[in-house]
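Please prepare a short report on the fold shown below, with attention to backbone geometry, the sheet, the core and the surroundings of the ligand.

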Amino acid sequence: MKDIEDSPITRNGNSLILAYDHGTEHGPVDFEPMPASADPTHVFDVGRHDAVTAIALQKGLAEYYRLWETENDVEDGAPLLVKLNGNSNLAAREDYYSPKQCSVQYAVEELDAAAIGYTMYAGSIHEDEMWTDFREVQEAARDYGVPVVLWSYPRGRGIQESEEYTGQTDPDVVAYGARLGLELGADVVKCKYPGSQEGWQALEDVVGELKTVMSGGSKRSDEAFLDDVSSTLEVGGNGLAVGRNIFQRENPKPLLDKLETVIFEDRSA
Ligand code: FBP
């Protein structure tokens, strides 16, 4: 863990990462509720809102993002977080695995990334391989001085077959995933909402000063979403990494305005 208070991906110690890797992870189905969101430039533009401290993109979209900035003289785009690994819903696998498509070197030297992101599926039969992949990523990130955001999503056979854990959002599983972020050397860990403030508190209790952000999840009402976000912030959470709750809205600006108040100004929406 490094001190990332000066990183452009944080503001007042917190972050709002606009995640837009869903075309990889889920496919175009996630754009159906708001067809304009299939156009990357539409979402790049959403990322210009002051509340957004980073936009998380796969390599191909990251290249597109830099092109869009240049062609349109955009100077207020969100800092770029390059997501180094990912996998599609089309893959036939025995268990969860997320291969790397981008190196830290390419992300920083070619794409001028302000941060990098990596998904870890602890609990999968491929966990060992992912730990090895992540070790290389984390050490290269240290060489380049860029923060590491770990999408820590424990899932797979180890959890499905366990008698101890009930599933991915079991508070014990989420807290374990968060702790792995600390142990493996992430600077921010991104976790699923475990369903309650107590669950988030349990996670905060085991990560020391490591920054934590809540994963947005499927789209819900402004009120329900803000309630979840506030419940994490109240017990030490550091913000959000969110996709569908933003880009599936016809006009995400009012929600982003409220999130800005809650996350960075420590005030109720
Ligand atoms: P959402 O806010 O839309 O849930 O996005 C967060 C995120 O982590 C994305 O970066 C990623 O594409 C997606 O969730 C993966 O979710 P899952 O693996 O649970 O389907």
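Asn12 counts as partly exposed because 13 C-beta neighbours lie inside 10 Å; by the criterion used here, a residue is buried if 20 or more other C-beta atoms lie within 10 Å of its own, exposed if 12 or fewer, and partly exposed in between, with C-beta atoms placed from the backbone. Asn12 belongs to the segment before strand 1, and its phi is near 50°, a positive value in a residue other than glycine. Most residues other than glycine have a negative phi. The model is a predicted one, in which local features need pLDDT of at least 70 and side-chain atom pairs count only at pLDDT 80 or more, while totals for chains, interfaces and linings use all residues. Residues are numbered from 1 along each chain as its sequence is written.

Asp112, which is not a glycine either, has a positive phi of about 55°. Its place is the loop between helix 4 (104-110) and strand 4, where helices (H or I, at least four residues) and strands (E, at least two) are DSSP runs numbered from the N terminus. Asp112 counts as exposed, because it has 12 C-beta neighbours inside 10 Å.

## The barrel

Eight strands close into a barrel in the order 1-2-3-4-5-6-7-8, and the pairing is parallel; two strands are taken to pair if DSSP finds at least two bridges between them. Neighbouring strands of this sheet are turned by 25° against each other on average, direction ignored, with axes being lines fitted to C-alpha atoms, for helices over the stretch in contact, and angles running from 0 to 180 degrees between N-to-C directions. Helix 7 (residues 171-184) packs on the sheet, where it touches strand 4 (115-120), strand 5 (148-152), strand 6 (188-191) and strand 7 (211-215), and its direction makes about 155° with that of strand 5.

Strand 2 (residues 54-58) and strand 3 (residues 80-83) pair in the parallel sense over four bridges, and Leu57 has Val82 in strand 3 as its bridge partner. Strand 6 and strand 7 likewise pair in the parallel sense over four bridges, with Val213 in strand 7 as the bridge partner of Lys190. Strand 7 is largely enclosed by the rest of the structure, because four of its five residues are buried.

Ile17 is found in strand 1 (residues 15-19) and is buried, with 28 other C-beta atoms within 10 Å. Leaving aside neighbours within four places in sequence, Ile17 is in contact with Thr53, Ala54, Ala56, Leu81, Val149, Val213, Leu240 and Ala241, a contact being a pair of residues whose C-beta atoms, placed from the backbone, lie within 7 Å.

The largest nonpolar core has 76 residues, of which Ile17, Leu18, Leu81 and Ile116 touch the most other members. Helix 7 gives the most to this core, with six residues. Such a core is a set of buried Ala, Val, Leu, Ile, Met, Phe, Trp, Tyr and Cys residues joined through C-beta atoms within 7 Å.

## Around the ligand

Of the 15 residues around the ligand, Ala19, Glu25, Gly216, Gly243 and Arg244 come nearest, where a residue is near a molecule or strand if its C-beta atom, placed from the backbone, lies within 6 Å of it. Helix 1 (22-25), strand 8 (239-242) and helix 10 (244-247) are the elements that give two or more residues to this shell.

By class, the shell around the ligand has five nonpolar, seven polar and three charged residues; Ala, Val, Leu, Ile, Met, Phe, Trp, Tyr, Cys and Pro count as nonpolar, Asp, Glu, Lys and Arg as charged, and the others, Gly among them, as polar.

Conventions. Two residues are in contact if their C-beta atoms, placed from the backbone, lie within 7 Å.
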